[in-house]
Amino acid sequence: MAAFGLWGGQPALAAGPSEAKAPAVTPVALGTNLSGLEWAAPGLRHGLSSAPNIHFTVPRKSDVAYLAACGFTKNRLPIQWELLQPMLPGTVANAAARSLIGEPGAFHAGYASYITGLLDAHAASGTRCIIDLHNYARYTDFIYQPDGAVIGLKAAPDPLLRPYTTDRSQIQRRIFALEKGATLTPALFADVWRRAATLWKNHPGLGGYGLMNEPHEMPERDSIVESKRGRDDLMILPVFMQAAIDAIRAIDKETPIYVGGNEWSSAGSLATKNPGYPLKGEGLIYEVHAYLDRRSTGHAFDWDIESTPRKFGSAQAEPISRSTGRDRIRSALDWAKAKKVQLALGEVGMPIDDPRWAESFRNTVDLALQNGVEVYSWMAGNHWPIRSNALNHVAGWHQNKTLEPLVSGVMKASAGIAQAMLFDDGPGHARAGTPTTITVYARGNLARPVRLTVAVKGRGKLSKEELTIPAGPNGQDSFSYTPADNQVAVLSYTSIGSPAVPVPPPRKVFSLNDPVAHASTSLEDAAMAIIARYGACKWDMADAYTDYMLGAPSGSGQVVRAVSDSGYGSSPGNPMEMLNWTNTETPAMGRMSLPVLRVANGRKSSGHQADTSGFWCKKAVPEADIRPNPVNRVPYNIEDRYFAIAAVGIAAKDSSGLVFQASQTEASHACELAFSNGQPVVRWEDAKGRKAELTSPDKLAPNKLSVLTFTCAPEDQSLRVNSALVDSGKATFAPGHFNQMLLGWGFKDYYPQEGFSGNIYAVITGKGVPTTSELAILERYLRG
C-alpha cells in the first residue's frame with residue numbers, strides 16, 4: 001500500500017500503509033464488474049481454450065482491495081456456467097466421459113475455488129460480491145451418444161485445462177425454452193442456483209445472486225431454438241427466473257437476487273418487453289444495462305461518429321447526446337417506482353478517449369444514485385483484453401504510483417467520494433525559444449480545487465507560475481515552458497494552501513544543442529536528452545515495484561509487477577507502463593512464474609525464466625467507425641522508423657527466448673529482440689507473412705551485462721551488440737498496427753510466447769532512428 005496516495009477533503013495520505021484508509025462512501029452500492037472468469041467461451045468444449053491467465057483470468061485479491069480503498073462497496077463477478085458446472089444434472093454419461101468431465105451436476109472444484117477466493121477477498125476488505133451467471137440464457141455442451149459417450153472426447157494435456165472433443169459437430173448450444181424437447185429447462189437452471197446457494201449462502205463476502213446476464217433472442221412460441229426475427233416469447237424468462245428464485249429462497253432467505261430481463265436486460269425495454277415482471281419473492285432487484293453509444297451495445301466509442309445521424313441497414317439509429325444514458329434509464333426508473341421494486345444498473349460504461357463521454361456517463365450515474373439505484377461499471381478485472389478495452393475500470397501505473405482509471409473518478413464524483421492523485425506529462429525536448437506544453441492532471445475526484453506553483457531551475461519562460469486543478473473528477477491544467485538555448489531545465493511543483501497535496505515529481509526539459517557532446521559533462525543528462533528528443537520510453541528495474549495497485553518498491557527476491565516509464569513516451573491518457581497482472585495466488589491458476597528482483601553486476605534487474613510471464617504494455621489499435629483514433633497507442637507500427645535498446649544478461653550460454661516484443665495480440669506480425677541458442681537475434685514478420693532476421697555471429701557470455709540494440713527503417717535495419725554493428729538488412733514491411741509491447745516474453749495470435757532465462761536491467765524504445773553517436777550514448781548509459 002506504500003505507493004497508494006489519496007487526497008481529497010482530508011489531509012493527504014503519506015506513503016505508510018496504515019494511512020491508506022477507505023473513504024466514506026455513498027449508502028447506495030457502487031462498484032464494477034470484475035471480469036475475467038467468463039472469457040473462455042469461444043473455444044470451450046472443442047479446443048484447448050481453457051487455460052488460466054491465457055483464455056480466462058481470475059481477478060486478484062489486490063483488485064478487490066484497491067476497489068475497496070477507492071470506496072466501491074460491491075462488485076459484480078461474471079462467471080461461466082460451463083466452467084462451474086461442466087456436466088448438467090441428469091446427463092447420461094458413461095464412465096469415461098464422467099472421469100474427464102465430472103459427475104452430473106457437480107461443480108468443478110478448481111473453478112468454484114476461484115469464486116470462493118474472491119468472496120474471501122471481498123469479506124477481508126469489508127465489501128460484497130454478486131455472483132453473476134454470465135451466459136445469456138445459453139449453455140454450450142457436448143452431445144452425448146445413447147451409450148453416454150462423447151465422440152472425439154479427449155483429455156487435455158494439462159490437468160488445468162478442460163477436456164474437449166476433436167469433432168466440432170459434437171457440440172450443442174442449449175437455450176432457455178419451454179416447449180417439448182427443450183434442452184435447457186427451468187429445472188436445470190434452478191439446479192445450478194440451488195447448488196450455488198448451498199455452497200455460498202453464509203459467506204460474508206456474498207452480496208447477491210445474479211441469475212442470468214443479458215438474455216436475448218429467446219425462442220419463439222412452439223420453438224426451442226433462438227429467434228432471429230424479433231418474435232421472442234417474452235414469457236420464457238419469467239418461468240426460468242421464478243424457478244431459480246424459488247430454489248435459492250428455499251435455502252437462503254436474505255441475500256439479494258438480481259433479475260435480468262429480455263432483450264439483453266436493456267434499461268430501455270424493461271417496461272415494455274417483460275410482461276411477466278415483477279416476480280414473486282423477497283429481496284429481488286431488477287437489473288438493467290445501459291451503454292451510451294447509439295445502439296446501447298458498448299461496442300462503439302467515437303463521440304463524433306455516434307452523435308451524427310446514421311443508418312444501420314434500413315434502420316435509422318438516433319444520434320447520441322449528453323442525455324442519452326439518462327434517457328435510457330429513466331423509463332426503467334419509472335417502471336420500478338410504479339411496481340415498487342428495486343433497480344440496479346448492472347452494466348454501464350464510459351469510453352475513455354473523449355471527455356464528452358464522461359459528461360454523458362456522469363449524467364447517467366447521477367440519476368441512478370439519486371434514485372437509489374446500484375451502479376456497476378463495465379469493466380474491471382484482470383484479463384489481458386480488458387487493458388486496452390475502450391470501456392475499462394482497471395488501475396494502471398505511472399510515476400511510481402497507481403494510476404486510477406478515468407471512470408473511477410467520475411463514479412466517485414457522483415457518489416461524493418473525494419479522493420485523487422496528481423500526475424503530469426509532456427515532452428522533455430524543446431528547441432530554444434519554442435514552447436512545450438506540460439499538463440498536470442488529477443485521477444480521481446477532488447472535493448475542492450487544488451492550487452500549485454511551478455518553478456523552473458534554469459533559464460527560460462513559463463506561461464504561468466500557478467496552476468489550478470478544478471474540483472471534480474479527473475481535472476487538469478496546463479502550462480507552457482519556453483527554454484533558453486542549450487540547457488537542462490528542471491521544473492518542479494509546490495502545493496499552495498493547507499493541507500499540502502502530493503505533487504508530481506520534478507521534470508527535466510532538455511534544449512541541448514548537442515546531447516552527444518554533453519555526455520562529457522553528464523552521461524545521464526545526455527542520454528535522457530536523446531530519449532526526450534525521440535519521445536522514447538525507458539523502463540529501468542531500479543524503478544521496480546511489487547504491484548501496480550497498493551504496491552511498494554521491490555526488494556531483492558521480491559516479485560516485480562510494475563515498472564513506470566521513466567523516459568518520455570507517456571502522455572495524458574497514454575501511460576507507457578510495464579505491468580504483470582498474471583494471477584498466481586493458488587496452484588489452480590497455472591504454473592506461470594513472476595519476474596523477481598535480482599541484484600546482478602551491481603545493478604537491480606528483473607530475473608526471468610523460460611516460463612516467466614514478463615511485463616506487458618497493452619494498448620489499442622484504430623478501428624474504423626468504432627474507435628478510429630484511440631488515445632492509448634504504441635508509439636510506432638511495424639513499417640515505421642523505430643529502435644529498441646536492452647541491457648540484459650543471459651543465464652546460460654545456450655539461452656533462447658524473447659527479451660522485447662512489439663506486436664499485436666490478435667495477429668502474427670511482430671518485431672522481436674531475442675536470443676537463439678545464446679546468440680542475439682532480431683526478427684520481423686509483417687502482416688503479409690514476410691520475414692526478416694538479423695543475427696549476431698557470437699554467443700554472449702552468461703551472467704554478464706550486455707547491451708543489445710536494433711534499429712528499423714524502410715530498407716534499413718541493424719543489430720548492434722555492445723555498441724558493435726553485427727548485422728544489417730534492407731527489408732520493407734507491409735503496414736501493421738502494434739497494440740502492445742512486452743519485456744521478457746511475447747504474446748501474439750492470442751497466445752503467450754516463450755520468455756528467456758536471464759536478467760533485464762533496462763529497456764529503451766521509441767519512434768525514429770537515432771544517429772550512431774546517439775545510440776552509442778544510450779548504450780553507454782544502459783551499461784551504467
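Student: Why is W384 called buried?
Tutor: Buried means under 20% relative accessible area, exposed over 50%, partly exposed in between (1.4 Å probe, protein chains only). The relative accessible area of W384 is 6%, so W384 counts as buried. W616 has 4% relative accessibility and therefore counts as buried. Note that this is a predicted model: local features need pLDDT of at least 70, side-chain atom pairs count only at pLDDT 80 or more, and totals for chains, interfaces and linings use all residues. Residues are numbered from 1 along each chain as its sequence is written, and side-chain values use heavy atoms, with hydrogens and water left out.

Student: How many aromatic pairs does a search of the whole structure find?
Tutor: The search gives 35. Rings of Phe, Tyr and Trp (its six-membered ring) pair if their centres lie within 6.5 Å; planes under 30 degrees apart count as stacked, over 60 as edge-to-face and the rest as tilted.

Student: What makes the pair of W384 and W616 stacked?
Tutor: The ring centres of W384 and W616 are 5.9 Å apart and the angle between the planes is 25°, against limits of 6.5 Å and 30 degrees. The pair links distant parts of the chain, 232 residues apart: W384 is in the loop between β14 and β15 (396–398), and W616 is in strand β32 (residues 615–618). Helices (H or I, at least four residues) and strands (E, at least two) are DSSP runs, numbered from the N terminus.

Student: What makes the pair of F479 and Y493 edge-to-face?
Tutor: The planes of F479 and Y493 are 80° apart, with 6.3 Å centre to centre; the label needs over 60 degrees. F479 belongs to strand β23 (residues 476–483) and Y493 to strand β24 (residues 488–496). F479 is buried because its relative accessible area is 1%, and Y493 is buried because its value is 7%.

Student: How do you know that the charged end of R387 sits over the ring of W581?
Tutor: The test asks for NZ of Lys or CZ of Arg within 6 Å of the ring centre and within 35 degrees of the ring normal. The charged end of R387 is 4.7 Å from the centre of the W581 ring and is classed as sitting over the ring.

Student: How do you know that the length of helix α10 agrees with its number of residues?
Tutor: The expected span is 1.5 Å times one less than the number of residues. Helix α10 (residues 355–370) has 16 residues and should span 22 Å; its end C-alpha atoms are 22 Å apart, so the two agree. The buried residues of α10 include W357, F361 and L369. After α10 comes G372, with a positive phi near 70°.

Student: What makes β1 and β14 paired strands?
Tutor: Two strands pair if DSSP finds at least two bridges between them. Five bridges join β1 to β14 (residues 374–381), and the two run parallel. T32 has S377 in β14 as its bridge partner. Six of the six residues in β1 (residues 30–35) are buried.

Student: Why are β21 and β25 said to stand at the edges?
Tutor: Four strands form an open, antiparallel sheet in the order β21-β19-β24-β25. β21 (466–469) and β25 (507–510) each have a single partner strand, so one side of each lacks a neighbour in the sheet. Within the sheet, β19 (residues 450–457) and β24 share seven bridges, and T453 stands opposite T494 in β24.
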